[in-house]
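Visitor: I'd like to go through this one with you. Can we take it piece by piece?

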Amino acid sequence: RALQLSEAGGPPHVKLTVEWDVRTKERLFGNIQEEVVQDAESVRLQQQAHRQQHSCTLDECFQLYTKEEQLAPDDAWRCPHCKVPQQGTVKLSLWTLPDILIIHLKRFRQVAEHRHKLTTLVRFPLRGLDMAPHVAQRGQAGGQLLGCWAPWQPPLCLPPSCP
């Protein structure tokens, strides 16, 4: 009735789907074993775009998040011994995880005064997400969390000009 009340063919944004009781369907249409419903062109184009789109895993996102980064020269810190600016590194680490972990992924990239929506497809497991590789371990090599509250230590490799 809704389709009949509109213009010929109905409005383009209204589609009708009918779910039949099996006995009623067989009585009206006979025993149809195989039904093929063709997807609309827009559905096919959307699926094709997702197949061609760059994707990554949630694990790769965490690897990038916890990766050590070289700071820019203008972010250098001054050595307390020789007072020479040193280019440092920064590394984010997860110390503990909650019982329920909520992950909010960055959806926009800021370029100058414009925001661009990120379209990278992130694949993630529905069960069995192993976060152990991304949590800092006590006493782990590489200077991560050496003790409960390890004091700052000067770098092991001081420049030759530094006493």
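Visitor: Where is Gln-86 found?
Guide: This is a predicted model. In it, Gln-86 sits in strand β4, which covers residues 85-86.

Visitor: Is Gln-86 buried or exposed?
Guide: Gln-86 is buried, with a relative accessible area of 17%.

Visitor: And what lies 3.3 Å from a polar atom of its side chain?
Guide: That is the backbone oxygen of Val-84.

Visitor: What about Lys-83, what is its phi?
Guide: Lys-83 has a positive phi of about 65°, although it is not a glycine. The residue lies in the loop between β3 (77-78) and β4. Lys-83 counts as partly exposed, at 49% relative accessibility.

Visitor: Let me step back. How many helices and strands are there in the protein?
Guide: There are four helices and eight strands. Along the sequence the pattern reads α-α-α-β-α-β-β-β-β-β-β-β.

Visitor: What share of the protein's residues counts as buried?
Guide: Of the 163 residues, 10% count as buried.

Visitor: Why does helix α2 lie largely in the open?
Guide: Because the number of buried residues in α2 (residues 22-29) is zero out of eight. Gly-30 follows α2 and has a positive phi, near 85°.

Visitor: Switching to charges. How many salt bridges does the count come to?
Guide: The count comes to one salt bridge. Glu-41 pairs with Arg-44, and the closest N and O atoms are 2.4 Å apart.

Visitor: Where do Glu-41 and Arg-44 lie?
Guide: Both are in helix α3 (residues 41-52), three residues apart, about one turn of the helix. An α-helix has 3.6 residues a turn, so residues three or four places apart point the same way.

Visitor: Are those two side by side with solvent, or what? Start with Glu-41: buried or partly exposed?
Guide: Glu-41 is partly exposed, with a relative accessible area of 46%. Arg-44 is partly exposed too, with a relative accessible area of 40%.

Visitor: Now His-134. Buried or exposed?
Guide: His-134 is buried, with a relative accessible area of 6%. This histidine is found in the segment after β8 (121-123).

Visitor: Which side chain does His-134 contact?
Guide: The side chain of Asp-59. A polar contact of 2.6 Å joins the two side chains.

Visitor: On to the cysteines. How many disulfides does a search of the whole structure find?
Guide: The search finds zero disulfides. Cys-56 is in none, and the nearest cysteine sulfur, that of Cys-61, is 3.8 Å away.

Visitor: Is Cys-56 buried or exposed?
Guide: Cys-56 counts as buried, at 13% relative accessibility. Cys-82 counts as buried as well, at 18% relative accessibility. The cut-off for buried is under 20% relative accessible area.

Visitor: Which element gives the most to the lining of the second largest pocket?
Guide: Helix α4 (residues 58-65), with six residues.

Visitor: And how do the lining residues divide into nonpolar, polar and charged?
Guide: The lining of the second largest pocket has 15 nonpolar residues, three polar and four charged.

Conventions:
Residues are numbered from 1 along each chain as its sequence is written. This is a predicted model: local features need pLDDT of at least 70, side-chain atom pairs count only at pLDDT 80 or more; totals for chains, interfaces and linings use all residues. Side-chain values use heavy atoms; hydrogens and water are left out. Helices (H or I, at least four residues) and strands (E, at least two) are DSSP runs, numbered from the N terminus. Ala, Val, Leu, Ile, Met, Phe, Trp, Tyr, Cys and Pro count as nonpolar, Asp, Glu, Lys and Arg as charged, and the others, Gly among them, as polar. A salt bridge is a side-chain nitrogen of Lys or Arg within 4 Å of a carboxyl oxygen of Asp or Glu. Buried means under 20% relative accessible area, exposed over 50%, partly exposed in between (1.4 Å probe, protein chains only). A polar contact is a pair of N or O atoms within 3.5 Å; within protein, one must be able to donate a hydrogen and the other to accept it, and residues adjacent in sequence count only if both atoms are side-chain atoms. A disulfide is a pair of cysteine sulfur atoms within 2.5 Å.
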